[in-house]
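Open your viewer and get ready to select side chains. We will take a short tour of charged pairs, one stop at a time.

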Amino acid sequence: MNSVDFLLTNQDITYEIRTEIKRLGRPIPDFIISKTDVGKSRNYSRNFNSGVYDRFKWLCGCPKRNKLFCFICLVLGGNQSAWTQEGCVGKGRHKATA
């Protein structure tokens, strides 16, 4: 019920279901996200670190899509952004952190 897939496919969630989702907590799977960036003198490799969940309490993950999402936006029906629709895999700023 508190999976990203459930939240993305069920737009009309009742207050009772939202309360249960909040009680269950955000999904914080440990999965593999890796990205290589090209710098001036060398390439940089960045890998997912599950410690990011402790740093950003609004962050959740979807192992099926292998992406990160804003849990609060998904539950409350926030703005339609990459954090609520496609998910993010690289550096991205959420309005809550800006």
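Start by selecting Arg 23: this residue is exposed, with a relative accessible area of 57%. Keep in mind as you look around that the model is predicted. Glu 20 and Arg 23 form a salt bridge, with their closest N and O atoms 2.6 Å apart. Both residues sit in helix α2 (residues 15–24), and they are 3 residues apart, about one turn of the helix. Glu 20 is partly exposed, at a relative accessible area of 25%.

From Asp 5, trace the salt bridge to Arg 65, where N and O are 2.8 Å apart. Arg 65 lies in the loop between β3 and β4 while Asp 5 is in helix α1, so this pair ties together parts that are 60 residues apart in sequence. Arg 65 is partly exposed, at 34% relative accessibility.

Now follow the other contact, from Asp 5 to Lys 64, a salt bridge with an N to O distance of 3.6 Å. Here, too, distant parts of the chain are linked: Lys 64 is in the loop between β3 (59–62) and β4 (67–70), and Asp 5 is in helix α1 (residues 4–9), 59 residues away. Lys 64 is exposed, with a relative accessible area of 69%.

Notes. Residues numbered from 1 in each chain as written. Predicted model: local features only at pLDDT ≥ 70, side-chain atom pairs only at ≥ 80, totals over all residues. Heavy atoms only, no water. Salt bridge = Lys/Arg side-chain N within 4 Å of Asp/Glu carboxyl O. Helix = DSSP H or I, 4+ residues; strand = E, 2+ residues; numbered from the N terminus. Buried < 20%, exposed > 50% of the residue type's maximum accessible area, 1.4 Å probe, protein only.
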